[in-house]
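Welcome! Here is a short tour of one protein structure, with a few of its helices and charged pairs as stops along the way.

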Amino acid sequence: CPVVLAPRNSSVAMPPPADIVKVAIEWPGAFPKLMEIDQKKPLSSIIKEVCDGWSLANHDQFALQHADSSNFYITEKNRNEIKNGAILRLTTSPAQNAQQLHERIQSSSMDAKLEALKDLANYSRDVTFAQEFINLDGISLLTQMVESGTERYQKLQKIMKPCFGDMLSFTLTAFVELMDHGIVSWDTFSVAFIKKIASYVNKFASDISILQRSLAILESMVLNSHDLYQKVAQEITIGQLIPHLQGTDQEIQTYTIAVINALFLKAPDDKRQEMANILAQKQLRSIILTHVIRAQRAINNEMAHQLYVLQVLTFNLLEDRMMTKMDPQDQAQRDIIFELRRIAFDAESEPNNSSGSIEKRKSMYTRDYKKLGFINHVNPAMDFTQTPPGMLALDNMLYFAKHHQDAYIRIVLENSSREDKHECPFGRSSIELTKMLCEILKVGELPSETCNDFHPMFFTHDRSFEEFFCICIQLLNKTWKEMRATSEDFNKARKRVMQVVKEQIMRALTTKPSSLDQFKSKLQNLSYTEILKIRQSERMNQEDFQSRPILELKEKIQPEILELIKQQRLNRLVEGTCFRKLNSRRRQDKFWYCRLSPNHKVLHYGDLEESPQGEVPHDSLQDKLPVADIKAVVTGKDCPHMKEKGALKQNKEVLELAFSILYDSSGQLNFIAPDKHEYCVWTDGLNALLGKDMLSDLTRNDLDTLLSMEIKLRLLDLENIQIPDAPPPIPKEPSNYDFVYDCN
C-alpha cells in the first residue's frame with residue numbers, strides 16, 4: 001500500500017488555545033456578533049472591542065451578561081465560567097442598571113412601578129447587580145415601600161387588587177433575593193417593617209406568593225439575629241401560623257414549620273418549655289400528623305428535613321431532665337420513688353396505712369427497693385445521680401408505672417419472685433435503657449442541616465418518648481429472659497442484653513413504622529432467636545478465616561480484588577453524579593453534574609436547572625478539567641468551601657460529605673456528596689485516578705465481602721475438610737522414576 005506524504009507547506013489543524021472562547025454576542029436591533037474572547041485580556045478591553053464594533057461610545061457604561069434565563073453579569077471573577085458556543089448579551093452596566101431600576105421603582109405610574117419591581121426581582125438574583133443596588137441604599141427603599149406602601153395604595157386595593165398583590169409580591173421577592181447574598185446585616189430592620197411582614201401572614205393568606213415570601217423573611221430574621229428573634233416572637237403567634245398547616249399547599253406548610261422551628265431553636269432555654277406547652281395547646285402535633293404526614297401526597301425532601309428538625313428540637317426538651325441529678329434530700333423527688341414502690345406492692349392500699357414500727361417499715365422498704373431492682377436498697381435516690389440519664393430515667397419509670405400499670409406490676413412481681421438469679425432488675429435496667437434511648441435519638445444535639453430522618457410514629461402521641469420507653473422496657477425484659485441473663489454479674493449481662501436490645505430497636509426503626517403500635521409489632525418479629533439468625537446469616541456472608549493458609553490466599557488475591565473495586569469506582573465516575581449546591585436558603589436547590597470521560601482523562605461538569613433523571617451526556621457539560629491538572633483531593637475541614645462557610649463548620653454531617661479537587665495555583669472544584677455512599681465512591685475514584693490508595697469505609701467493606709466470597713468459591717471442594725495450620729511434610733524422593741511418563 002503506497003504511503004502518501006503531505007506537502008511540506010500544508011497546514012495541520014491545531015486545537016484552539018485553552019484561553020480562547022468562541023461566543024455569540026447580541027445587541028438589540030443588530031445581528032449577533034460572532035467573536036473569540038481571549039480570557040487573558042482584561043474584560044474592559046473586550047467590552048470596548050464589542051462596543052467599537054457597533055460604534056457605541058462610553059464603553060465603560062456597558063457590560064456583558066449571559067443571554068439565558070439567569071441574565072447574570074459577567075465579571076472578572078466569573079468569566080472563566082463562559083463556555084464555548086455561549087450566547088452573551090451586551091447591556092448596560094450593573095451600576096447603570098441599578099440606578100435606572102432605583103428610579104423606576106419610585107415612579108408615580110402604577111404600571112411602570114409594577115414592571116420595574118418585576119425586573120428588580122429578576123435581576124436581584126445576580127450578586128453583581130445586587131451589590132450595586134444595595135450601594136444605592138436599595139434595601140432601605142424597599143423596606144420603606146413595604147412600611148408605607150400599604151397605606152398609600154389602600155384606596156386602590158379594591159380597584160387594582162391584582163396589581164397591588166403582584167407589586168407587593170415582587171417587592172418581597174426582590175428583598176429576599178438581595179438579602180440572600182449576605183451583603184447586608186439582618187440587624188438593621190425596624191419594628192415597623194417586622195410588623196408589616198408579620199401582618200402579611202394573616203392579611204394575604206390567600207396570596208400564596210406573598211405568604212411564602214413573608215414566612216421566608218420571618219424565618220431568616222429569627223435565624224440570623226437575636227434582636228430580631230425577640231421582635232418577631234412578639235409579633236407572630238403560633239395561633240397565626242397553625243392555620244397555614246391545615247391547607248393543601250405543601251410548600252406553605254414547609255415554610256410554616258420552618259418558622260416554628262426557627263422560633264423554637266432560637267428561644268432562650270427558659271422560654272423553650274413554655275413554647276412547647278403552647279405548641280401542645282394548639283395541637284401542633286396532631287395537625288401535622290393529619291394534614292402533612294398522613295396527607296394523600298408524598299413528603300418532599302425539604303418537608304422531611306423540617307419534620308426531622310422539629311422532632312430533634314422536641315426531644316431536646318428532655319435534655320434538662322437528662323442532665324439533672326437527683327437530690328437525695330429533696331422530698332418531692334423521693335416521693336416519686338415511694339410512688340413506684342406503692343404502685344408495685346401496695347396498689348390496693350393507702351400508703352399511710354402501713355402499720356408497725358419505723359424500723360419494720362424501713363426494713364420492708366429496703367426489701368421492696370431490692371425487688372424493684374435498685375442498686376442502693378437503702379436510699380434508691382443515689383441510683384439517679386449519674387448524668388445522663390439523671391432524673392429522666394425516674395420520669396420514665398413513673399410514667400410506665402402510672403400509664404401501663406398492669407405491665408409494670410407484672411414485670412416487677414415476675415422478676416422479684418424469681419429464685420434462680422435470672423431476674424431482670426427493673427430499676428437498673430430502666431436507667432440503662434433511658435441512657436441508650438437518649439443516645440439513639442441524640443437528645444441534646446443540634447439538628448443537622450442536611451438530615452431528613454424523621455420518624456412518623458413520634459408524631460402520633462403527645463408523650464412519644466415516654467411511650468417509646470414503655471415499649472422498649474418490655475422488650476428489654478423479654479430479651480433478658482430469652483437470653484437467660486443473670487443478675488449476679490449485672491454489668492456483664494447488661495452489656496450483652498443491651499447490645500441485642502439496641503439492635504432490635506435500630507432494626508425496627510429503620511423500617512419507619514407509622515405508629516407506635518406498628519413499632520411494637522416490628523419488635524415482636526425481632527426476638528432474640530431471630531437476631532441470632534440474622535447475625536449468623538451476616539457472619540456467614542462475612543466470615544473471616546484466620547488460618548495461615550487462608551491468610552496467605554487472601555494476601556495473594558487481594559490485589560486482584562482491589563483492582564476490581566478500582567474499576568467499579570471509575571465506572572461509577574464515568575456514569576456521573578448530581579450534586580446539590582448548598583446556599584443560605586436551603587429550599588432553593590441548585591444542582592450541578594460531574595462525570596468522568598470514558599478514557600479517564602477529563603472531568604466534565606456543568607450546572608443544571610433541576611435534578612436529572614438518569615445520566616447527563618458529556619456534550620451538555622461544557623466545563624472540563626483534565627485529570628492531569630489535579631494537584632490534590634482534600635476532604636472535610638480542609639475543603640475551601642468548608643472554611644468559607646463558618647456556619648457549616650460546626651455541622652458534622654456536612655463536613656463528612658464535603659470534598660474538593662484542587663488544581664492549578666488556586667483553582668478548585670467543591671463538592672458536597674448527596675450521601676455517604678457517593679462520598680466514598682468519588683473520593684475513592686479520584687484517589688485511584690491520582691494513583692493513591694482507596695481508604696474509604698466502603699472500600700474496606702467491599703474488600704472484605706469480595707475476599708470472603710472469592711475464598712469461599714475457591715474452597716468449595718474443601719468443605720468439611722479441616723485445613724491444617726502448617727503445610728504437610730514433603731515426601732521423600734522415590735528410589736526410581738520409572739513410573740514417570742515422558743510426554744515427548
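Helices (H or I, at least four residues) and strands (E, at least two) are DSSP runs, numbered from the N terminus. This is a predicted model, in which local features need pLDDT of at least 70 and side-chain atom pairs count only at pLDDT 80 or more, while totals for chains, interfaces and linings use all residues. Residues are numbered from 1 along each chain as its sequence is written, and side-chain values use heavy atoms, with hydrogens and water left out.

Let us begin with charged pairs. Side chains of opposite charge can pair when their charged atoms come close. A salt bridge here is a side-chain nitrogen of Lys or Arg within 4 Å of a carboxyl oxygen of Asp or Glu. The whole structure holds 22 salt bridges, and three of them are shown here:

| Pair | Closest N to O distance |
|---|---|
| R285 and D462 | 2.7 Å |
| K481 and E414 | 3.0 Å |

K481 belongs to helix α21 and E414 to helix α19 (residues 405–416), so their pair ties together parts 67 residues apart in sequence. K478 and E482, by contrast, are four residues apart in helix α21, about one helical turn. Elsewhere, R341, R367 and D368 are linked in a network of salt bridges.

How covered are these residues? Buried means under 20% relative accessible area, exposed over 50%, and partly exposed in between (1.4 Å probe, protein chains only). D462 is exposed at 64%, whereas R285 is partly exposed at 22%. K481 is partly exposed at 35%, and so is E414 at 28%.

Our last stop is helix α1 (residues 43–53), where L43, I46, I47, V50 and C51 are buried. They lie on the same side of α1, because they cover an arc of only 135° around the axis, judged by the directions from the helix axis to the C-beta atoms. Just after α1, S55 takes a positive phi of about 55°.
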